[in-house]
Amino acid sequence: MKRIAFAVAAGVLFGLGLAVSGMTNPDKVLNFLDPAGQWDPSLALVMGGALAVSVPGFAWLRRRGRTLANEALPAPPSSRLDARLLVGSALFGIGWGIAGYCPGPALANLTHAAEAIVFVIALLAGSRLARLLPAPANR
Amino acid sequence: MPTAFTPVSALIGGALIGLAATLLFATLGRIAGISGIVTAAVEQESERGWRIGFLLGLILAAGLWLAASGVAPRTGFPLPWLIAAGLLVGFGTRLGSGCTSGHGICGLSRLSRRSLVAVLVFMGFGALTVYVLRHVIGGIA
């Protein structure tokens, strides 16, 4: 129950952050990705503001080695670069550049923009399709 | 459509997102990667409770803020392009194990080389796509 309460609190903060920062507006995202047009650098400051909190926060937790509930933290991320990472990120970038939605802002728009409902259904279908690919050789 | 550069609200909103990611990692030891959380919430029964809680918190908090702020949603974006974009984002984030939040915020905070590469690749391809659609073909958005 406590775990769920923390998750709800994190979700509320995340959703507020997306809405306050304007990242729920797909035009703002597309204009960030368009330095040759009417460039809007806001997204870079959203990332910067997030990392200014999370980089020291994660560093502190890494040193601590445990969560606040004294559970083990996940193992450090792998550093292996593979084709799945590169091709997947490239396809994600193309989709992001078409509509201006990545998963967070699309969900944040679910009660606000009708198009977000269509987008999220397509996103879940696309994710299902990716599961049909053979599993990675060794991880 | 042109948008104004909004540095103050961008930094404040960004800090809230960073706080959210840190909170989830500190309390549950989980990565706030939205693509992974939403897919797992739909497809897996185990650990569903916290994922649903996180998503409902996100959807309702952002929805209330947007409703109160009175901004108009985008309308009239072509449906075939919207569906193609959703399919690509869902397929690509599953294959590449993360999106803007998982790789861009949590991964970079964990100093992951994979995440740094992922961010550079999706930002590069995003910008390339916008360039082609707006300045070469010219038209959809």
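**Labels and their grounds**

Mentor: In chain B, H2(B) passes H3(B) in a left-handed crossing. The model is predicted, so local features need pLDDT of at least 70 and side-chain atom pairs pLDDT 80 or more, whereas totals for chains, interfaces and linings use all residues. Residues are numbered from 1 along each chain as its sequence is written, and chains are lettered from A and ligands numbered from 1 in the order in which they are written.

Trainee: Why is H2(B) called oblique to H3(B)?
Mentor: Their axes come within 9 Å and cross at roughly 125°. Axes are lines fitted to C-alpha atoms, for helices over the stretch in contact, and angles run from 0 to 180 degrees between N-to-C directions. Angles under 35 degrees count as roughly parallel, over 145 as roughly antiparallel, 65 to 115 as roughly perpendicular and the rest as oblique. H2(B) is therefore oblique to H3(B).

Trainee: Which residues make the contact of H2(B) with H3(B)?
Mentor: H2(B) contributes B:Ile37, B:Val38, B:Ala40 and B:Ala41, and H3(B) contributes B:Arg48, B:Arg51, B:Ile52, B:Phe54 and B:Leu55. Two residues are in contact if their C-beta atoms, placed from the backbone, lie within 7 Å. By class, the contact of H2(B) with H3(B) has 7 nonpolar, no polar and 2 charged residues. Here Ala, Val, Leu, Ile, Met, Phe, Trp, Tyr, Cys and Pro count as nonpolar, Asp, Glu, Lys and Arg as charged, and the others, Gly among them, as polar.

Trainee: What is H5(B) relative to H6(B), roughly parallel or roughly antiparallel?
Mentor: The axes of H5(B) and H6(B) come within 8 Å and cross at roughly 150°. That angle makes H5(B) roughly antiparallel to H6(B). The crossing of H5(B) with H6(B) is left-handed. B:His103, B:Gly104, B:Gly107 and B:Leu108 of H5(B) meet B:Arg114, B:Ser115, B:Leu116, B:Ala118 and B:Val119 of H6(B). The residues of this contact divide into 4 nonpolar, 4 polar and 1 charged.

Trainee: How many helices and strands are there in chain B?
Mentor: Chain B has 6 helices and 0 strands, in the order α-α-α-α-α-α along the sequence. Helices (H or I, at least four residues) and strands (E, at least two) are DSSP runs, numbered from the N terminus. Chain A likewise has 6 helices and 0 strands.

Trainee: How do you know that the span of H1(B) agrees with its length?
Mentor: The expected span is 1.5 Å times one less than the number of residues. The 22 residues of H1(B) should therefore span 32 Å, and the end C-alpha atoms are 31 Å apart, which agrees. H1(A), residues 2-21 of chain A, has 20 residues and reaches 28 Å, close to the 28 Å expected.

Trainee: Why is H1(B) described as largely enclosed?
Mentor: A residue is buried if 20 or more other C-beta atoms lie within 10 Å of its own, exposed if 12 or fewer, and partly exposed in between, with C-beta atoms placed from the backbone. In H1(B), 17 of the 22 residues are buried, so the helix is largely enclosed by the rest of the structure. H1(A) is largely enclosed too, because 15 of its 20 residues are buried.

Trainee: Why does A:Gly17 count as buried?
Mentor: A:Gly17, found in helix H1 of chain A, counts as buried because it has 30 C-beta neighbours inside 10 Å. Not counting residues up to four places away in sequence, A:Gly17 touches B:Gly13, B:Gly14, B:Leu16, B:Ile17 and B:Ala20.

Trainee: How many residues of chain B are in contact with chain A?
Mentor: 98 residues of chain B are in contact with 102 residues of chain A. H1(B) gives the most to the side of chain B that touches chain A, with 21 residues. The residues of that side divide into 60 nonpolar, 32 polar and 6 charged.

Definitions and conventions:
Left-handed = near helix turned anticlockwise from the far one by under 90°.
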